[in-house]
Amino acid sequence: MLSREEFDAIEFDAACTGDHKSAAERMSMLAATGVQSESMPRAEAFVRAGEQWLLADNPAAAVSGFQKAMEDGGPVVIDPRVPLCRALFQMGRQDEGYALIGKLKVEGRTDPRACDMIMELLVEQSDLPGALEWATAGVELILQGAGQLLPGSADGGSVQSTDSYAGLRDLLRLRYRIRNDLRLPEDEYDRMLNA
């Protein structure tokens with residue numbers, strides 16, 4: 001039976017030893033042959049195996065894992081198409097990667113973590129305007145999810161503190177750096193870093 005604890009242990013060992021290839025092989029085998037459980041759906045197992053293939057510098061194998069996760073259609077922590085974009089870029093298939101990012105944007109951004117990951121990927125591609133757009137979307141999703149009023153909202157509300165929202169401060173910092181590189185003036189979200 002697939003177990004989140006077992007996958008966590010495999011990832012931990014790979015991080016300690018640097019042997020991501022063995023971890024990817026083991027995870028891929030478990031994902032393909034193991035019985036999924038409530039704690040570890042098969043799709044999530046394929047995503048995690050794909051992530052290890054990326055760390056092992058084998059994006060072609062990673063693509064296979066992410067595609068299997070998509071075919072399975074089960075629950076996942078992160079949409080498999082997000083790390084699939086990274087694998088496509090690593091393989092030099094930029095057009096396919098950008099097309100997939102475009103599709104994710106059209107479908108509507110709903111996951112701050114996915115926004116963060118795409119933002120980082122676009123920074124690596126030197127697409128700072130695109131990265132800024134995804135970073136801003138991630139900030140807005142976190143604030144909306146926290147039930148807070150956005151800066152400049154109709155009733156003039158704003159967020160007083162960024163400490164209590166997971167990932168918000170880091171995303172605000174990255175967004176600020178991108179805006180600084182683009183030589184853009186400070187805005188309401190930038191000022192939240194001083195709150």
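This is a predicted model: local features need pLDDT of at least 70, side-chain atom pairs count only at pLDDT 80 or more; totals for chains, interfaces and linings use all residues.
**Exercise 1. Which residues in α7 meet which residues in α9? Describe the geometry of this pair.**

Residues are numbered from 1 along each chain as its sequence is written, and side-chain values use heavy atoms, with hydrogens and water left out.

Step 1. Helices are DSSP runs of H or I with at least four residues, numbered from the N terminus, and contact means heavy atoms within 4.5 Å. On the α7 side the residues are Asp116, Met119, Glu120 and Val123, and they meet Leu171, Leu174 and Ile178 in α9. By class, this contact has five nonpolar, no polar and two charged residues, where Ala, Val, Leu, Ile, Met, Phe, Trp, Tyr, Cys and Pro count as nonpolar, Asp, Glu, Lys and Arg as charged, and the others, Gly among them, as polar.

Step 2. The axes of α7 (residues 112–124) and α9 (residues 168–181) come within 12 Å and cross at roughly 30°, which makes α7 roughly parallel to α9. Axes are lines fitted to C-alpha atoms, for helices over the stretch in contact, and angles run from 0 to 180 degrees between N-to-C directions; those under 35 degrees count as roughly parallel, over 145 as roughly antiparallel, 65 to 115 as roughly perpendicular and the rest as oblique.

Step 3. The crossing of α7 and α9 is left-handed, meaning that the near helix is turned anticlockwise from the far one by less than a right angle, whereas clockwise would be right-handed.

**Exercise 2. Determine how α8 packs against α9.**

Step 1. Helix α8 (residues 128–145) and α9 have axes 9 Å apart at an angle of about 150°, and they are therefore roughly antiparallel to each other; their crossing is left-handed.

Step 2. Among the contacting residues are Leu128, Leu132, Val139 and Ile142 in α8, and Leu171, Arg175 and Ile178 in α9. The residues of this contact divide into eleven nonpolar, two polar and three charged.

**Exercise 3. Where do aspartate 57 and serine 126 lie, and are they buried or exposed?**

Step 1. Aspartate 57 is in the loop between α3 and α4, and serine 126 is in the loop between α7 and α8.

Step 2. Aspartate 57 is exposed, with a relative accessible area of 63%, and serine 126 also counts as exposed, at 62% relative accessibility.

Step 3. Most residues other than glycine have a negative phi. Aspartate 57, however, has a positive phi near 60°, and serine 126 has a positive phi near 65°.

Methods. Helices (H or I, at least four residues) and strands (E, at least two) are DSSP runs, numbered from the N terminus. Buried means under 20% relative accessible area, exposed over 50%, partly exposed in between (1.4 Å probe, protein chains only).
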